[in-house]
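Visitor: Could you walk me through this one while I have it open?

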2 protein chains.
Amino acid sequence: MKGLGELERTIMDILWAQNSPLTAREVGRLIEDRDLAPTTVMTVLDRLSRKGFLDRTRDGRAWRYQPAASRDAYVAELMLEALDMTGDRDAALTRFARAVSGSEAEILRKALTELEEQ
Amino acid sequence: MKGLGELERTIMDILWAQNSPLTAREVGRLIEDRDLAPTTVMTVLDRLSRKGFLDRTRDGRAWRYQPAASRDAYVAELMLEALDMTGDRDAALTRFARAVSGSEAEILRKALTELEEQ
DNA sequence: TCACCTCTCTACAGCTCGTAGTACTACTAC
DNA sequence: GTAGTAGTACTACGAGCTGTAGAGAGGTGA
């Protein structure tokens, strides 16, 4: 998996926040601060779908884009990828566990407990 | 934090595997498959220390390089950074917990238990 | 028919990374 | 003391990625 650029991530964030597929125009309208040319948005959407981050379906002449995976899945995959980098996964995991905040440790613990019960 | 290129990571791996600081020449000797010019290695070491991944100290006229942080710390930081990307950390953590293998879940559980006990 | 929307293709500049040459300085062995 | 070696700093260049957008073509509604 590759990382994303800033604009790419802005656009992914918009699409992740939505629960229905959007057209390039709609995405463009939701990017506020920047005044981007419509083709810019289209180009980035196109690149994102080429990279597999977005799926797109026809809607008349336009494409409608939606995330290929949830943000959580993406984040979890990034985390696993980072973990794959190390020779010593245990040490990295231990360190990670120590670094998350208390409430997050709680979440992890819960998820792990549920795992165990299955 | 930024990602690392391929050669950069190869070099970091070499230095992480070492327990004493190395000179550019020594690092170069440890990169086998590729036949790199000495200056190439020096350039990359220089860039890595600029980026904060390496510390360097003088040894005569040469520099000796060593990782600024352990690989585990680096990996854990990457994981936290990924986690920061999401709006819903809990969901991402839960998904992550479900994705790690059984033995790793065990490690995590243990680390979290130790945390709790402190 | 004209204005507009949307698409695809192409382009370009800035940055990062792999790769290395050049020019200079200091040590080492004859 | 001179030639080779090792090391540094500086500079460079091409490839690939990303942000940005224009040009051109083909529909579509007024």
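Visitor: What is the surface near DNA strand D like, by class?

Guide: In this predicted model, that surface has seven nonpolar, six polar and eleven charged residues, where near means a heavy atom within 4 Å; Ala, Val, Leu, Ile, Met, Phe, Trp, Tyr, Cys and Pro count as nonpolar, Asp, Glu, Lys and Arg as charged, and the others, Gly among them, as polar. Local features need pLDDT of at least 70 and side-chain atom pairs 80 or more, whereas totals for chains, interfaces and linings use all residues. Side-chain values use heavy atoms, without hydrogens and water, residues are numbered from 1 along each chain as written, and chains are lettered from A and ligands numbered from 1 in written order.

Visitor: Which helix gives the most to it?

Guide: Helix 3 of chain A does, with five residues, helices being DSSP runs of H or I, at least four residues, numbered from the N terminus.

Visitor: And which base nitrogen distances are there for Thr39(A) and Arg47(A)?

Guide: An N or O atom in the side chain of Thr39(A) is 3.2 Å from a base nitrogen of DNA strand D, and for a polar side-chain atom of Arg47(A) the distance to a base nitrogen is 2.7 Å.

Visitor: New topic: at what angle do the two helices 6 pack?

Guide: Helix 6 of chain A and helix 6 of chain B, residues 102-117 in each, pack at about 135 degrees with their axes 10 Å apart.

Methods. Polar contact = N/O pair within 3.5 Å; in protein donor to acceptor, adjacent residues only side chain to side chain. Axes fitted to C-alpha atoms, helices over the stretch in contact; angles between N-to-C directions.
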